Amino acid sequence: MRDKEKDEIYFTDRFYKDSQSLKKLLEDYHNDIEIGEHPEEFDIRSYKYDIFIYAFYKFYSGYSIGLDINKLIPEIKLILQNLIETRKERDSNYEDMECILHFITLFNQTDFLEEYKKLLEKSEHRDFYLDSILQYLDSSWEISTEKINWPKEMKPLVEVIQFSKTDKNSAVQRLKKYLEKEWFKTLKEGLITNQQLQKGMYRGYWCIESAVLVKVLKLDDTELKECKYYPYDMAHFAE
């Protein structure tokens, strides 16, 4: 178990439910779209976005219960494949663009990198944070703007990046403060919110972006390891 808020019985049930929901959705997609007689009658984009959502839920609950990340690679690929495909048809929201980049970075899914770059080049959500993380994956990628979208939420992450250029210890301390005092307050909407523990839809609380910053900035996360929301195993996957 990686999560400390709920016990193994709770997460075994939660992971089973998420697994069954994803399985049913994939079966429906196969029957309605891939082999169905009238696939044009269905909203394929909505189908794919729902697959992304339930793959994300299964990944999250699976990570919380303590599964080896390698066993969650099929879900990680579903997350990336379906989210990228839906974003090709229309511009995403900022969280989607973050999610794709974070999952490519943490889990070494570089097969999706070129598609993501094409999305970001034309996205209205392109900003300094996304450009900076992508530049660590591809040194030829140019930072096009100093703009920070969602400054209240993203400014702490940008500060970590800026500190790391001259003082990595200061970057770690800034990230630690973010983990301990700021991140949880940002979970007001989206797939994971800070209300889910009370509403019975809890799948764990993990600050995925903190693991991304540790990985790309090569920070010493010794002090972060015991932080409640820090996903240590994500930061060190496949090292």
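Lys-228 sits out in the open: its relative accessible area is 52%, so this residue counts as exposed. Keep in mind as you look around that this is a predicted model. Which residue does Lys-228 pair with in a salt bridge? The partner is Glu-5, and the closest N and O atoms of the two are 2.8 Å apart. Glu-5 counts as partly exposed, at 35% relative accessibility.

Now find the two residues along the chain. Glu-5 belongs to the segment before helix H1 (8-34), while Lys-228 is in the loop between helix H10 (208-217) and helix H11 (232-235), so their pairing ties together parts that are 223 residues apart in sequence. As a general point, side chains of opposite charge can pair when their charged atoms come close.

The model has 16 salt bridges by the rule used here. Here are three of them.

| Salt bridge | N to O distance |
|---|---|
| Glu-5 and Lys-228 | 2.8 Å |
| Arg-14 and Asp-18 | 3.0 Å |
| Lys-48 and Glu-85 | 2.8 Å |

Take the pair in helix H1 next. Arg-14 and Asp-18 are four residues apart in that helix, which means about one helical turn separates them. An α-helix has 3.6 residues a turn, so residues three or four places apart point the same way. Are these two buried or exposed? Arg-14 is buried at 9% relative accessibility, and Asp-18 is buried too, with a relative accessible area of 0%. There's a further member to look for: Arg-203 joins Arg-14 and Asp-18 in a network of salt bridges.

On to Lys-48 and Glu-85, whose side chains form a salt bridge with the closest N and O atoms 2.8 Å apart. This pair links distant parts of the chain, with Lys-48 in helix H2 (residues 44-65) and Glu-85 in helix H3 (residues 73-89), 37 residues apart. Lys-48 is buried, with a relative accessible area of 15%, whereas Glu-85 is partly exposed at 23%.

Thr-86 is buried, with a relative accessible area of 0%. Leaving aside neighbours within four places in sequence, what does Thr-86 touch? The contacts are Arg-45, Lys-48 and Tyr-49.

Helix H2 also matters for the next stop, the largest nonpolar core. That core has 77 residues, and Phe-103 and Tyr-129 are the ones touching the most other members. H2 gives the most to this core, with eleven residues. If you zoom in on Phe-103 and skip residues up to four places away in sequence, you'll find contacts including Phe-56, Phe-59, Ile-76, Ile-79 and Leu-80. Asn-108, Gln-109 and Ile-208 are also among the residues Phe-103 touches.

Last up is helix H8 (residues 168-182). Its 15 residues should span 21 Å at 1.5 Å a residue, and the end C-alpha atoms are 20 Å apart, so the two values agree. Which residues of H8 are buried? They are Ala-171, Val-172, Arg-174, Leu-175, Tyr-178 and Leu-179. These residues cover an arc of only 165° around the axis, so they are on the same side of H8. Helix H7 (151-164) and H10 are among the parts that cover the buried residues of H8. Finally, look at the start of H8: there, a side-chain oxygen of Asp-167 comes within 3.1 Å of the backbone nitrogen of Asn-169.

How values were computed. Residues are numbered from 1 along each chain as its sequence is written. This is a predicted model: local features need pLDDT of at least 70, side-chain atom pairs count only at pLDDT 80 or more; totals for chains, interfaces and linings use all residues. Side-chain values use heavy atoms; hydrogens and water are left out. A salt bridge is a side-chain nitrogen of Lys or Arg within 4 Å of a carboxyl oxygen of Asp or Glu. Helices (H or I, at least four residues) and strands (E, at least two) are DSSP runs, numbered from the N terminus. Buried means under 20% relative accessible area, exposed over 50%, partly exposed in between (1.4 Å probe, protein chains only). The expected span of a helix is 1.5 Å times one less than its number of residues. The arc is that of the directions from the helix axis to the C-beta atoms. Contact means heavy atoms within 4.5 Å. A polar contact is a pair of N or O atoms within 3.5 Å; within protein, one must be able to donate a hydrogen and the other to accept it, and residues adjacent in sequence count only if both atoms are side-chain atoms. A nonpolar core is a set of buried Ala, Val, Leu, Ile, Met, Phe, Trp, Tyr and Cys residues joined through side-chain atoms within 4.5 Å.
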